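The following exercises concern interfaces, a single residue and one chain of a model. Each task is followed by a worked solution.

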Amino acid sequence: MKHLNDFNEFKQWQDGLIKSRDPNARTIVLCGGTGCKATGSKPVAEAIREQLNSYGLADEVALRITGCHGFCEKGPLMVVQPEGVLYTGVKPEDIPEIIKETVLNKKIIERLLYIDPVTNNKITYERDVPFYNKQARMIFGDNGRIDPVKIEDYISIGGYQALAKTLAENNPDAVISMIKKSGLRGRGGGGFPTGVKWESCRKAHGNIKYVICNADEGDPGAYANRSLLEGNPHSVLEGMIIGAFTVGANVGYIYIRDEYPLAVELFINAIRQAEQCGLVGRNILGSGFDFVMNINRGGGAFVCGESSALMASLEGKIGEPRAKYIHMVERGLYERPSCLNNVETWANVPLILNKGTDWFTKIGTGDVSQNPWGGSKGTKIFSLVGKVNNTGLVEVPMGMTLREIVFGIGGGIRGGKKFKAIQTGGPSGGCIPEKLLDLPVDYDRLTQAGSMMGSGGMIVVDENTCMVDIAAYFLNFLKEESCGKCVPCREGIGRMHEILANICEGYGKDGDIELLEELAETVRDSSLCQLGATSPNPVLTTLKYFRDEYEAHIKNQKCPAGVCKALIHYKIDAQSCKGCSACLKSCPSEAIAGEKKKPHVIDPEKCIRCGVCIDTCKFDSIRIIPGRYNAAQKLKITN
Amino acid sequence: MINLLINNQKVQIEDNKTVLDACQKAGIKIPTLCHHKELTGYGSCRLCQVEVAQKNKSRIAVSCLFPASEGLQVQTHTPRVEKNRKLLIELLLARSPEAKILQKMADDYKIIKPRFRLKSEKCILCGMCVRVCNEVLGINAIGFAGRGTSKHIEIPFKDVPENCLGCGACTYVCPTGAIQMETEARQRWAQYLESGARKCRFSRMGLIPHKICPNAFQCQRCEVDQRLEDTYGTHPAFIARPAAEQLPMQVDQVEMIPDYLYTHSHIWVKPLGKRFRIGIDDFAARFIGKVDSITPQDSFRPDRPVWELASGKRTLNMYVPFAGRTMEMNPLVKFVPSLAGKDPYQQGWIYTISAENNTEALNALMSADKAIQVVHKHSDRLRTQTDKALGATLPDGAAGMLGDVPNRLTDEEWQTLTKEFFR
Amino acid sequence: MESATLLTESPELEKVEAIIEKHHYEESALIGILQDVQKEFNYLPGTALKHIARQLAIPLNRVYNVATFYRAFTLKPRGKYTISVCLGTACHVRGGKKVVEELERRLGIKAPDTTDDRKFTLQAVNCLGACALGPVMVINGEYHSKVSPKMVEKILKSL
């Protein structure tokens, strides 16, 4: 790796790297993202190396370990290039066969192919898998093309070209105008127009300014930022350097969750490589522009995703937000102008500069030519998880409908169950019901539906999910994650959770729903930061779309979805029970009785509804019945 | 001055004030539980919320933090605001049913009984005790611990507060009486101090000369103590404000940090364990202008420079009056040398160093008080020179006097002064 | 000057000192320093916090506040194995809570406690970012995916 002193040296190096990249080279692409690592891609990689060596193929066939491909559900994922054959769930013992058959003889191994859950057809090529081919993988697609630890890989697919051009042209105002025209809005959830933010920061007074990357992806159920940082860290870094040059900052920070050790490691590596090449540091490409980058690991606090709390945390303080009556672009980190954007926002920047605003604005909704708030442009990466068949990370154009995402890409609901709702926007978002499935996904329409974009979590829930339980879950999360500074959030959320927990435990009473609504309004109005102000959303949307479930809990003492333990009971279906005694043995509370080969029964008094028996039963004979086991049983209201 | 409309009534107030200041000036009563005029705004109780309208957009804002601005329209008691206040008081009352101040507010808002399960917390987490101990006393004996619903006020490790002055300012500002000077704790604390240190709280705050406490810190029973408190009419901490001594000082527009040590040639030194952190002072930063590069040295002596700074074609060698080695250069400054001048005391430090002999090194340095005299002398000298260069005498203290120094001096003048200031 | 003479009598404090040194005695690096100290000792010993406050010349209450605010830190010693069960939304809807309950039953403790023999610390955490594989459980950095209550026994035995 050589130190590049000017634009021409960069260009020469890049040209060389592009030429040396042979699109027809035989390459085994193996996903090494956190998901595939968890399902065992590391031993697979070792097996590949070993086999290639033993065949003497190490020079002819390349092994490229990449970041996340998105289809984490089916990991470990392998693509054999140049044909693009996709194998899922690959194990080390499959490797000799793969090398012998597919790599050497171009034969397909049927049993490793992906089976479409909708059509039950086997699919050979990655490009034909509906999970992939319905997406628009502008940002995320490069993950499969590069090894995240090699800056050369990134440069060979056009990386750092936008930075080099920006520095050579030396016209920050032009960059701002481009970002503004592109209609790019903050991918962290708020959707603030990025160009407007950059412009304010550039104009703000102060001889020291900062750029900051928010990688404290704390929304439960969202992990797109993680995979972007692990799969293509240089794209984020490049965006940040361009942003720093544009707003006039020389110091950058990235705040990464400590739960993402691989992302931290790979980003540090990316910075070091960029330093060695002279793309970070003093006098970048001879432009006179200096830039230094710092990495901070988060301490584990959801509230640090809020910009002012994040900045307090960067200063080594507790992550308490402060009132933002003076904007962070004017007075942020160390009271100096600070431009903070999300991981995905930064990664969009080089893309827009390379491909142009016209190209970018063709994707998405609305019209941003006059007003940057006028629409949602580009793509958004969502983590499509929960009770959907194909779980993983999906990148879709803004404006795609929820139905298309859940059923087209996600392949519908698992186990043939019925779709109930989709939760977006994390704890600040809401649950969107089936009747709104045709909602095109963009910032404004999600907000209108009572939810929000958030950092891109999409959790699909089916008929077996209790919406009151979901609301209680989020409020419990928020209660634990509130910083505790202001009264509405600390006390208000605590009380909202108290009421919801009571309802789930069968202590709900008349007036609870109204009190929840009253609290929601005051918490929204009065909280210090946006996390507090949006915290009632999970309650308000479930109340709006699933009020009957609340009423069933309170009035009928019944959990229709069969989740809330106090309001359900278990029963063994005598018809299908074979009397195998598996459940009897596994029950931790000795609530199941019965003779061998005769239907067993559950004693509802003893049963703690832990679900182990359901897990154990091979005949699907254990049923969850909504309602208390004895309708006459009335609860003493202790409250 | 700023003009704003509060409840359709014209109010005029000085710059840099909050909406709450303006309301109080206009005699409009707004409930609040975490605001104190001697402390910085915190905005935690949210009771002082009002509706503000700007450019046809109306929104809720907390008045204790919202800056009063020209033409701002404020409504302090709209139904929406009052409804929120009432529920917030109800929430607080459920937390601390015994607090007199909340009971009174609840009466005002006609809350008969909170609809929530009652707790029995005395503290409402307004943070005034923490702020007074930090901002006014500069002691930081008490602080917050935990977060969310388990956030609370605590002395670290529930220990005897080693540095507490026993001044009682925290009990003075506490709105609910949650913090008390406990007799037992006080005696424990009195034992903890060495007998020689049993100074009266007033002399500990520097308000009266040395006085030993004869009373085991039972201040309410001390005649001297009570008489003094009556004389001030407020808590003596607000008169003494010992924290002010820790703030950066301005000397002829040059900023100096009280805790740091200095050389005679405009380098600051901060002892860190066995090592020292060093950087240039604000005077040097203004003298050199934009730092373009720093040439580091591995070792240094009184006659061998510690680094060379360059700005354009000008270079400046700087010295420390003892011998030592450079341990590590600040990674930020290595890549962005201009930080050394833009943020000289914080992010712009240049090295950590180790001295050959720590005692000698410390003896060769001076405190901020002495350094201020040097800065004063050098500023005078510089002013004479730059005024001459301008061909006019500017009035004393004119703004921008030390700004743009490099451009006001010829290379020759700059070189001459370099020898005077930096050797 | 008192602060210039170092107070490292014990080898533990020397380790702490080395960590502070690595972070250039930066006040802003407090969280990073605490993370490294916790990694070294598996928890944050009180003496270490006091040492950090002294060496960074910041009030102890600030260090203490940070150490009790962030979830990553604990002032109590942890077990040999830290079992983190993800209760992010995706894991929650796929039954992560049942996994926690099963673990609580088997270990005889409630999250976030440590067993008396200091072998296990059980904690429920909010989203580990492997949502497609839920419910997820991480034991000393090793991921277990799609965990069901039934699998708990086997996993515990394998340790």
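**Exercise 1.** Determine how many salt bridges the rule finds across the interface of chain A and chain B, and describe that interface.

*Solution.* Step 1. The criterion is a side-chain nitrogen of Lys or Arg within 4 Å of a carboxyl oxygen of Asp or Glu; applied across the interface of chain A and chain B, it finds eight salt bridges. The structure is a predicted model, in which local features need pLDDT of at least 70 and side-chain atom pairs count only at pLDDT 80 or more, while totals for chains, interfaces and linings use all residues; side-chain values use heavy atoms, with hydrogens and water left out, residues are numbered from 1 along each chain as its sequence is written, and chains are lettered from A and ligands numbered from 1 in the order in which they are written.

Step 1. One salt bridge joins the side chains of Asp525(A) and Arg80(B), at 2.8 Å from N to O. On the side of chain A that touches chain B, at least two residues each come from β8 (251-256), β9 (292-297), α18 (467-481), α19 (487-504) and α20 (512-526) of chain A. Helices (H or I, at least four residues) and strands (E, at least two) are DSSP runs, numbered from the N terminus.

Step 2. By class, this side of chain A holds 17 nonpolar, twelve polar and 16 charged residues. Here Ala, Val, Leu, Ile, Met, Phe, Trp, Tyr, Cys and Pro count as nonpolar, Asp, Glu, Lys and Arg as charged, and the others, Gly among them, as polar.

Step 3. The contact (heavy atoms within 4.5 Å) involves 45 residues of chain A and 44 residues of chain B. Together the two chains bury about 4,000 Å², with 55% of it on carbon and sulfur atoms; buried area is the accessible area (1.4 Å probe) that two parts lose on being put together, summed over both.

**Exercise 2.** Is Thr352(B) buried or exposed?

*Solution.* Step 1. Thr352(B) lies in strand β18 (residues 351-355) of chain B. Step 2. Thr352(B) counts as buried because its relative accessibility is 3%, the classes being buried under 20%, exposed over 50% and partly exposed in between (1.4 Å probe, protein chains only). Step 3. Beyond its neighbours within four places in sequence, Thr352(B) contacts Arg275(B), Phe276(B), Arg277(B), Thr326(B), Met327(B) and Glu328(B).

**Exercise 3.** State how many helices and strands chain C has, and give its extent.

*Solution.* Step 1. Chain C has seven helices and four strands, in the order α-α-α-α-β-α-α-β-β-β-α along the sequence. Step 2. Its C-alpha trace spans about 60 × 30 × 25 Å along the principal axes. Step 3. Of the 159 residues in chain C, 61% are buried.
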